[in-house]
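Work through the two exercises below with the model open. Each has a task sentence and a stepwise solution.

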Amino acid sequence: MKSFVINENDSGQRLDKYLLKSLPALPKGLLYKYVRIKRIKVNGKRAEISAKLNNGDVVDMYINDEFFENNEENLDFLEASNEINIIYEDDNVLIIDKGVGLLSHPDKGEYIDTLITRVKRYLYEQGCYNPKEENTFSPALANRIDRNTRGLVIAAKNAKALRILNEKIKVRQIHKFYLCIVDGNPSKGTKSSDNWILLDGWIKKDENKNTVYVNNKSFDGAKPIETKYKVIATKSNLSLVEVDLLTGRAHQIRAHMASIGNPLLGDNKYGHKHENKRLGYNKQFLCSYRLEFDFTDDADILNYLNGKSFEIKNIEFVNDFYNGNLGSKSV
């Protein structure tokens, strides 16, 4: 028998969710059976599988030791780079400027050195996180951006902050703005009085090709998308565009702008591959440069962020655009 004390990061979860995360080796069917026959108890008593756990609760597990094997997270994140560009930090969140070329999360090609493993290493070395002291929680990213896109990413230091951030992003009380360079002078969409233009459409991802398809009409398996954009300036048949992402689908900005004939400069998947190659551009000119916190209802421990905004001030491709250097160098 082993006992686990529920800490602040575990509290608020359903019992079954907690067990699934803390005992990945235990088959789901057996997990439900053990709760039903009281081989898993909460505070010494039988508990419903849907019971919410509270800080300080004790979960007793009368189950075989084999199901506890490999239950503690190892420290392989310490092999990640210690380079991390933090632009804001408090007790609950980090806001990081992610560079081009860095994955947000591990994939089949890169497991060790990603943004989230760098975050874990940083917090571990700061004494803010130790996986051996956590039952189910580890620091997590509330938003993500493509490998070849620079921009602001929010990391949560605790489970409560993560839940709030996820909900606020879902209901659009955290706004994400992008800057990009596109071919031509885009004008398609519905224009408003403040010069923002709304594009809507439908998008579907081909997982095998890691490519999305956009159409202005619904089609089988597609999801609706909305993209607002504003042309800031146009030079030499290139435009600097600001984007307010209303829906957060994979590759949405790149594919949506390409679908109206204005692909991003440097985008070899949806743009002018041969022209980009001639110019030496192999990364899309896209940056998630500003975050705005606009809470219209309670944000609990994150209320202090309401009304705040964070911005990347120095973006190389923006400087190159205004200085007339595009087409002469790679970024």
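**Exercise 1.** Which residues in H1 meet which residues in H2?

The model is predicted, with local features needing pLDDT of at least 70, side-chain atom pairs counting only at pLDDT 80 or more, and totals for chains, interfaces and linings using all residues. Residues are numbered from 1 along each chain as its sequence is written, and side-chain values use heavy atoms, without hydrogens and water.

Step 1. With contact taken as heavy atoms within 4.5 Å, Leu-15, Asp-16, Leu-19 and Leu-20 of H1 meet Lys-28, Leu-31, Tyr-32 and Val-35 of H2.

Step 2. By class, this contact has six nonpolar, no polar and two charged residues. Charged means Asp, Glu, Lys and Arg; nonpolar means Ala, Val, Leu, Ile, Met, Phe, Trp, Tyr, Cys and Pro; the others, Gly among them, are polar.

Step 3. The axes (lines fitted to C-alpha atoms over the stretch in contact, with angles from 0 to 180 degrees between N-to-C directions) of H1 (residues 15-22) and H2 (residues 28-36) come within 11 Å and cross at roughly 130°.

**Exercise 2.** Describe the lining of the largest pocket by residue class and by element.

Step 1. The lining residues, which have an atom within 4 Å of a pocket point, divide into eleven nonpolar, 14 polar and eleven charged.

Step 2. H5 gives the largest share of this lining, three residues. Helices such as this are DSSP runs (H or I) of at least four residues.Step 3. About 1,100 Å³ of space lies in the largest pocket.

Notes
On a 1 Å grid over the protein atoms alone, a cavity is a set of points where a 1.4 Å probe fits but cannot get out, and a pocket is an open set with protein on both sides within 12 Å along at least five of seven lines; lining residues have an atom within 4 Å of a point. Grid points are joined across faces, edges and corners, and a volume is the space filled by probe spheres set on the points. Helices (H or I, at least four residues) and strands (E, at least two) are DSSP runs, numbered from the N terminus.
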